[in-house]
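Colleague: Could you walk me through the charged side chains here? I'm new to this one.
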Amino acid sequence: MRKLITTLLCLVIVLCNAAYGFSQNFDVRTKSDVTAEQLNARFEKKEDSKLKDTGKYFIEAQEKYGVNAEFLAALAMHESACGTSSLARRKNNFFGLRGRRGWSSFNSPEECIMYAANNLAKSGGFYFARKKYTIASIGKTYCPKNTKHWQDTIITHMKSIKAAS
C-alpha cells in the first residue's frame, strides 16, 4: 500500500510540474509570458520584501539578456528569502552574489537584477557560455553542495509565481 501511495504522489508531482511546464530540464532561455504585475502580485505576499514592485526589472532583464523572467525571479526569491534577507536589505543583493572582496553590493534592486541576468547570459561566463541552460545544469554550478534541494526550491518558486497570477 505504501508503495502505491508513493507512486501516486510521484505521479502527481510529475503532472503538476508538467502542468506548469517546469522541471529540472526546463530551458531558462525560454521566454516567459509572465507580466510585471503577476510578479509583483507574488512579491506582495511577503511582508517587508525588497522585491516589491520590481517585476518590471525581471521583464526587462528577460528582454535584454534572454533569461526567463520567472526563473530569474524564483532565483531571487530563493537566494534572498523573497527579498527579506539582510543581504537583500543592506546591499540590494537578491542572488547571493559574491566578488573577490566579499558580498556584492548594488545601488538598487534594478542594478542587481540586471547584473544577475547578465552574469547568467554573458559570453565567457559560467552558465550560457558553457551550455548550462537548464535549471539542473545551472544548479550544479550555482549551488554545488545542495543542488537537488536548490533545483526543487527554484521550481517551487516558479510555480508559486504562476499560482499567484
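Modeller: Let me start with Glu70, which at 2% relative accessibility counts as buried (under 20% relative accessible area, with exposed meaning over 50% and partly exposed in between, using a 1.4 Å probe and protein chains only). This is a predicted model, so local features need pLDDT of at least 70 and side-chain atom pairs count only at pLDDT 80 or more, while totals for chains, interfaces and linings use all residues. Residues are numbered from 1 along each chain as its sequence is written, and side-chain values use heavy atoms, with hydrogens and water left out.

Colleague: Which residue does Glu70 form a salt bridge with?
Modeller: Glu70 pairs with Lys162, their closest N and O atoms being 3.5 Å apart; a salt bridge here is a side-chain nitrogen of Lys or Arg within 4 Å of a carboxyl oxygen of Asp or Glu. Because Glu70 lies in helix H4 (residues 69-79) and Lys162 in helix H8, the pair ties together parts that are 92 residues apart in sequence; helices are DSSP runs (H or I, at least four residues), numbered from the N terminus.

Colleague: And what is linked with Glu70 and Lys162 in a network?
Modeller: Asp33 is, through salt bridges, and its closest contact with Lys162 is 2.9 Å, N to O. Asp33 sits in the loop between helix H1 (2-20) and helix H2 (36-43), 129 residues from Lys162.

Colleague: Is Asp33 buried or exposed?
Modeller: Asp33 is exposed at 61% relative accessible area, whereas Lys162 is partly exposed at 24%.

Colleague: Changing topic, how many salt bridges are there?
Modeller: The count comes to 5, including one between Asp27 and Arg29 at 2.7 Å, N to O.

Methods. Helices (H or I, at least four residues) and strands (E, at least two) are DSSP runs, numbered from the N terminus.
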